[in-house]
Amino acid sequence: MNETDLQKIEEGFAQTIDVYNSIGLTEPDKTKYLGIMQKESSIISNEEKRKEDLIFQKERFELEKDHKYFEENLAKEKLKQESKWHDDECTNKKDMFEYQKNKDKNDYDIQKLRFELDKQRLDFEQKDLEFKRDQAKNESKYRWLTFGITTVLGFAQFVMSLYVYRKLAYTNLKLIYCDEGRPTTDYKDAIKNVQNMIKK
């Protein structure tokens, strides 16, 4: 997915939230828009994860490529040095001594390079662990965010429904009692009965 498509989905997600929060939506419409929001949120999260995975794979490929190149050069250098050592041993002991001195230095360099490789490997593993930890944190955050939105909206819907039902019941009783000319005490008793029924 390219950046333009992702941007359109993110803009659509913001618009879906605005529509969901708008006044006058029916229950089926709210359920529909909630489903759309969850899908859009999932698409955005998956796309971001895909991009991070691609970057991670590219970095890992480059590191492995450098490691392989180093190992090949190291093998060539070692072979070259061993060949030179055999030639020098046959010609002169002095040359053999110089070669041994160079070989010791090369061994030191090899150990140093191996140490550097081990260090790079540990750094790579640390970055991998940090990446996985951040990924798990982001997934947890998105789950809690989705759960929070669903819970808050469900609660708001319940409170609004209860408020509307109560208002309608009060208005209906008031109209009935006004039409039938009943006294105020009967109206108050009826309102208390409605309130008790709502609390149950």
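This is a predicted model: local features need pLDDT of at least 70, side-chain atom pairs count only at pLDDT 80 or more; totals for chains, interfaces and linings use all residues.
Residues are numbered from 1 along each chain as its sequence is written, and side-chain values rest on heavy atoms, with hydrogens and water left out.

The protein contains four helices and zero strands, where helices (H or I, at least four residues) and strands (E, at least two) are DSSP runs numbered from the N terminus. Along the sequence the order is α-α-α-α. Helix α2 covers residues 27-91, and helix α3 covers residues 93-180. With contact defined as heavy atoms within 4.5 Å, 62% of the contacts between residues at least 6 apart in sequence join residues at least 24 apart.

The accessible surface of the protein is about 16,000 Å², and 58% of this area belongs to carbon and sulfur atoms. Accessible areas were computed by the Shrake-Rupley method with a 1.4 Å probe; for residues, only the protein chains shown count as cover. Of the 200 residues, 16% are buried. Residues are classed as buried under 20% relative accessible area, as exposed over 50%, and as partly exposed in between (1.4 Å probe, protein chains only).

In general, a pair of aromatic rings is described by the distance of the centres and the angle of the planes. Rings of Phe, Tyr and Trp (its six-membered ring) were paired if their centres lie within 6.5 Å; planes under 30 degrees apart count as stacked, over 60 as edge-to-face and the rest as tilted. This rule gives three aromatic pairs. One of them is the stacked pair of Phe-56 and Phe-124, with a centre-to-centre distance of 5.9 Å and 20° between the planes. Phe-56 belongs to helix α2 and Phe-124 to helix α3, so the pair ties together parts that are 68 residues apart in sequence. Phe-56 is buried, at a relative accessible area of 17%. The pair of Trp-144 and Phe-147 is edge-to-face, because the ring centres are 5.9 Å apart and the planes stand at 85°. Trp-144 and Phe-147 are three residues apart in helix α3, which corresponds to about one helical turn. Both Trp-144 and Phe-147 are exposed. Ring pairs also link Phe-56, Phe-124 and Phe-131 into a cluster.

Turning to charged side chains, six salt bridges were counted, a salt bridge being a side-chain nitrogen of Lys or Arg within 4 Å of a carboxyl oxygen of Asp or Glu. Among them, Lys-119 and Asp-123 meet at an N to O distance of 3.6 Å. These two residues, Lys-119 and Asp-123, are four residues apart in helix α3, about one helical turn. Lys-119 is partly exposed at 42% relative accessibility, and Asp-123 is partly exposed at 32%. Another salt bridge joins Arg-121 to Glu-125, with the closest N and O atoms 3.2 Å apart. Arg-121 and Glu-125 are likewise in helix α3, four residues and about one helical turn apart. Arg-121 is partly exposed at 40% relative accessibility, and Glu-125 is partly exposed at 36%. In the salt bridge between Asp-128 and Lys-132, the closest N and O atoms are 3.4 Å apart. Asp-128 and Lys-132 lie in helix α3 at a spacing of four residues, about one turn of the helix. Here Lys-132 is partly exposed at 47%, whereas Asp-128 is buried at 16% relative accessibility.

A polar contact was taken as a pair of N or O atoms within 3.5 Å; within protein, one atom must be able to donate a hydrogen and the other to accept it, and residues adjacent in sequence count only if both atoms are side-chain atoms. The side chains of Glu-47 and Arg-50 form such a contact at 2.6 Å. Glu-47 is located in helix α2 and is buried, with a relative accessible area of 6%.

Surface patches were built from residues with over 30% relative accessible area and no salt bridge, like charges being joined within 9 Å and nonpolar side chains (Val, Leu, Ile, Met, Phe, Trp, Tyr) within 5 Å. Phe-155, Phe-158, Val-159 and Leu-162 make up a nonpolar surface patch of about 400 Å². Leu-162 is in helix α3 and is partly exposed at 34% relative accessibility.
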